[in-house]
Amino acid sequence: MKRHALILLIAGLVAGTSFHCASPEFTTAKIALGQRDYPKALRNLELETRKNPGNVEAWLLLAQLYRDHKKDYAAAAEALRNARENDRAGSWRERIAAEELLLWMTAYNDAIVLYNQLVQVEQPLPQESLRRAQQLLELVVQLKPDVPDAYGLLGTLQELAGDTAAALKTFERYRELLQPELRVARRTGIALGMSREELLQRLGAPAASRATASDADTLLVERWTVDGAPLYVFSIRTAGGATRVEGWRYNPPAVWSELEKERYTRLSLQPLLSAAIAALDRGEYERALSFADDILTLQPTNEQALSVRAEVYDRQGRTEELLRLLEQLRQQYPTNKVYHAQYGLLLTKLERYEEAVRAYEEALRLDPNYDLALFNAAAAYKNWAGKLQQEELEKRRQNPKYQEQRERYAPLLRKAAEYFERYRELPGKRDELTVLDQLVNIYEVLPDRQKLERIVRELEALAPRFEREARYYEILGGVYARRGDKTKAEEYYRKADQLRKQ
């Protein structure tokens with residue numbers, strides 16, 4: 001299909017050009033093109049451009065051949081640069097612009113194919129393919145430095161190559177080029193995923209609208225004017241009839257052709273999200289927040305950006321802001337178990353145990369086997385019980401005649417044990433030492449000797465699995481020390497000491 005389109009294009013150029021005064025090389029090249037002898041045409045066009053560098057048409061034909069037959073996009077770009085420099089009268093301006101756009105799209109599509117192959121490959125990545133993809137994207141950026149699309153993929157490849165600093169710089173450039181889109185989003189409230197009905201409520205009827213069939217869907221390109229500048233909005237109408245916004249372009253450069261301005265573009269948030277996560281990993285919290293905020297401007301419901309913001313607040317100790325955000329997320333996404341669990345975890349850290357366990361229980365209502373919620377709910381109940389137990393002990397310390405009210409915390413310990421036991425029933429969780437240690441402690445305090453003996457027997461049976469772990473022997477040493485069995489306690493503690501010295 002590409003070759004057929006190229007032949008028609010070249011035929012049109014040849015038919016529209018007189019052979020009068022043409023050099024032998026240029027005449028031979030055109031005849032060769034008509035005969036589809038592309039190597040011969042290429043040789044003669046290279047000769048022609050060396051002899052007559054002012055021949056703009058020759059540069060254009062040479063660029064086409066480099067692009068479509070040699071796949072040498074860098075040489076094609078150089079040929080187009082020469083064409084533009086020699087078009088002093090501007091007669092070929094639109095034609096050159098169209099060729100530049102076509103070269104940009106061809107190179108970009110090839111880069112996307114390579115990119116998709118790379119992101120599906122397990123480490124280590126094939127370095128030659130990685131270099132080729134990066135070179136293609138660097139050329140794409142060079143061809144059209146004011147188009148944001150390629151920067152996102154280039155930054156991701158730089159990140160895959162391990163150059164996080166370069167990736168962040170590229171992602172910053174991507175964000176810079178999206179500033180017009182961010183401004184109009186703040187100004188009008190348009191957002192990715194918005195329905196057509198809501199879009200029309202915010203912008204009114206479009207000044208122009210064009211629909212293009214794409215498989216079973218329809219792509220809409222519509223234009224409005226906002227604050228005196230053009231706004232192009234790109235939406236997709238699915239076979240079911242729903243229409244949603246996939247991107248927009250605001251006040252594009254005046255030098256762009258109308259074709260470029262109206263080119264359907266899906267606005268990608270992934271580069272901004274990758275930048276936010278990279279900044280978070282580097283401890284650059286304000287930078288991570290700024291990327292997350294931009295994502296939320298373009299798509300207020302983006303859960304990943306909200307999670308980045310929550311993580312930053314947590315690391316910075318901005319507790320009240322984090323609480324408000326997590327409460328907002330729980331209300332906004334009531335069926336998302338993760339937000340309920342995150343909210344419970346924060347409340348646990350704040351020792352607001354009653355509220356925390358309610359949040360965990362809501363997460364478990366959504367997914368009864370949610371491992372994080374089961375474990376953290378058990379821990380919250382145990383910590384809650386421990387806090388009440390300490391209160392009782394303090395009362396007794398102040399007044400030796402005070403009778404400890406065990407019923408204040410014993411039910412919470414039983415609840416903690418219930419959740420830890422449920423956690424152990426999940427695949428791969430039964431023999432976790434941390435959980436077994438917690439259950440030993442709970443059953444000793446309650447006390448529940450029958451369940452305690454069961455856990456201790458299970459622990460001792462795990463010796464072949466944990467014989468190289470000091471922590472395993474420390475747990476058993478503690479069990480027997482509290483029972484007054486000095487011999488066994490010393491035996492286990494000695495084994496733990498020996499493993500730590502190795």
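Leu 433, Leu 436, Leu 439, Val 440, Tyr 443 and Glu 444 in helix 21 meet Lys 451, Leu 452, Arg 454, Ile 455 and Leu 459 in helix 22. Contact means heavy atoms within 4.5 Å. By class, this contact has eight nonpolar, no polar and three charged residues. The model is predicted: local features need pLDDT of at least 70, side-chain atom pairs count only at pLDDT 80 or more, and totals for chains, interfaces and linings use all residues. Residues are numbered from 1 along each chain as its sequence is written, and side-chain values use heavy atoms, with hydrogens and water left out.

**Helix pair**
- Helix 21 spans residues 433–445 and helix 22 spans residues 449–461. Helices are DSSP runs (H or I, at least four residues), numbered from the N terminus.
- Their axes come within 9 Å and cross at roughly 150°. Axes are lines fitted to C-alpha atoms over the stretch in contact, with angles from 0 to 180 degrees between N-to-C directions.
- The two helices are therefore roughly antiparallel (angles over 145 degrees).

**Backbone**
- The loop between helix 21 and helix 22 contains Pro 447. The peptide bond from Leu 446 to Pro 447 is cis, with omega near -15°.
- Arg 36 lies in the loop between helix 2 (24–34) and helix 3 (38–51). Arg 36 is not a glycine, yet has a positive phi of about 65°.

How values were computed. Angles under 35 degrees count as roughly parallel, over 145 as roughly antiparallel, 65 to 115 as roughly perpendicular and the rest as oblique. Ala, Val, Leu, Ile, Met, Phe, Trp, Tyr, Cys and Pro count as nonpolar, Asp, Glu, Lys and Arg as charged, and the others, Gly among them, as polar.
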